[in-house]
Amino acid sequence: MLNLGVLISGKGSNLQAIIDACEREKIPARVAVVISNNPESYGLERAKNHKIPAVILNSKDFSNKNTYELEIVKNLKQYDVGLVCLAGYMRIVGTVLLEHYPSKIVNIHPSLLPSFPGLHAQKQALDHGVTVTGCTVHFVNEGCDTGPIIIQSAVPVKEKDTEETLSERILQQEHHIYPLAIEFIAKGKLKIEGRRVKIA
Ligand code: GRF
């Protein structure tokens, strides 16, 4: 059984999708700990509802990124975490986390990468006028949303879409592909070859 550590900052709807998939035993994994850098994150409630240990680690309380990430690592180790899942975690991962979890950190991003990395990906897509966008699950490297891609799902943009309506439809796909990517990892089905991720 793979222990997951889920890092969040906000609503935690992807966290919920992961918890539900684990509880349905679709994934041979369990959410061992939830870490939020935002004390107001609704995801903390979700963890509590499922009796999952939840830790608040606010980066503002640490003198620098390294000491902050060392504290995250300490908590992840305490729960014997084998895969770190970023789910709406609003910080760029630094060298400390990357060195402790090489190729063991994944992220979900609300665009078809490499288009529209960074913040407000859905607004970027609307502003650019694309007719198709979507979401991407990828391994995390030192860049911003640049790691090897595991799964993507396309979402058509409708003429009347606002940032909210588009985000909502993308989220539905996120909740589908994020647990699926974790399932592949938990079952040992993925192999990273350079930029490519092969699914066995
Ligand atoms: C999602 O759109 C995710 O792709 C992005 O942040 C949002 C988090 O939503 N990284 P939630 O907190 O999982 O509901």
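Author: A polar contact is a pair of N or O atoms within 3.5 Å; within protein, one atom must be able to donate a hydrogen and the other to accept it, and residues adjacent in sequence count only if both atoms are side-chain atoms. This is a predicted model, where local features need pLDDT of at least 70, side-chain atom pairs count only at pLDDT 80 or more, and totals for chains, interfaces and linings use all residues. Residues are numbered from 1 along each chain as its sequence is written, and side-chain values use heavy atoms, with hydrogens and water left out.

Reader: How far is a polar backbone atom of Asn14 from an oxygen atom of the ligand?

Author: The ligand is surrounded (a heavy atom within 4 Å) by Lys11, Gly12, Ser13, Asn14, Gly88, Ile108, His109, Pro110 and Glu174. For Asn14, the separation between a polar backbone atom and a ligand oxygen is 2.8 Å.

Reader: What distance separates an oxygen atom of the ligand from an N or O atom in the side chain of Ser13?

Author: Gly12 uses its backbone, with an N or O atom 2.8 Å from a ligand oxygen. In Ser13 the atom belongs to the side chain, and its distance to an oxygen of the ligand is 2.5 Å.

Reader: Is H1 parallel or oblique to H6?

Author: Helices are DSSP runs of H or I with at least four residues, strands are runs of E with at least two, and both are numbered from the N terminus. The axes (lines fitted to C-alpha atoms over the stretch in contact, with angles from 0 to 180 degrees between N-to-C directions) of H1, residues 13–23, and H6, residues 163–186, come within 9 Å and cross at roughly 45°. Under 35 degrees is roughly parallel, over 145 roughly antiparallel, 65 to 115 roughly perpendicular and the rest oblique. Therefore H1, relative to H6, is oblique.

Reader: What is omega for the cis peptide bond joining Leu113 and Pro114?

Author: Pro114 sits in the loop between strand E5 (105–109) and helix H5 (121–128). The bond from Leu113 to Pro114 is cis, with omega about 10°.

Reader: Which residue makes a polar contact with the side chain of Lys191?

Author: Lys191 belongs to strand E8, residues 190–193. Apart from neighbours within four places in sequence, Lys191 is in contact with Arg196, Val197 and Lys198. The side-chain polar contact of Lys191 spans 3.3 Å, and its partner is Glu193.

Terms used:
Contact = heavy atoms within 4.5 Å.
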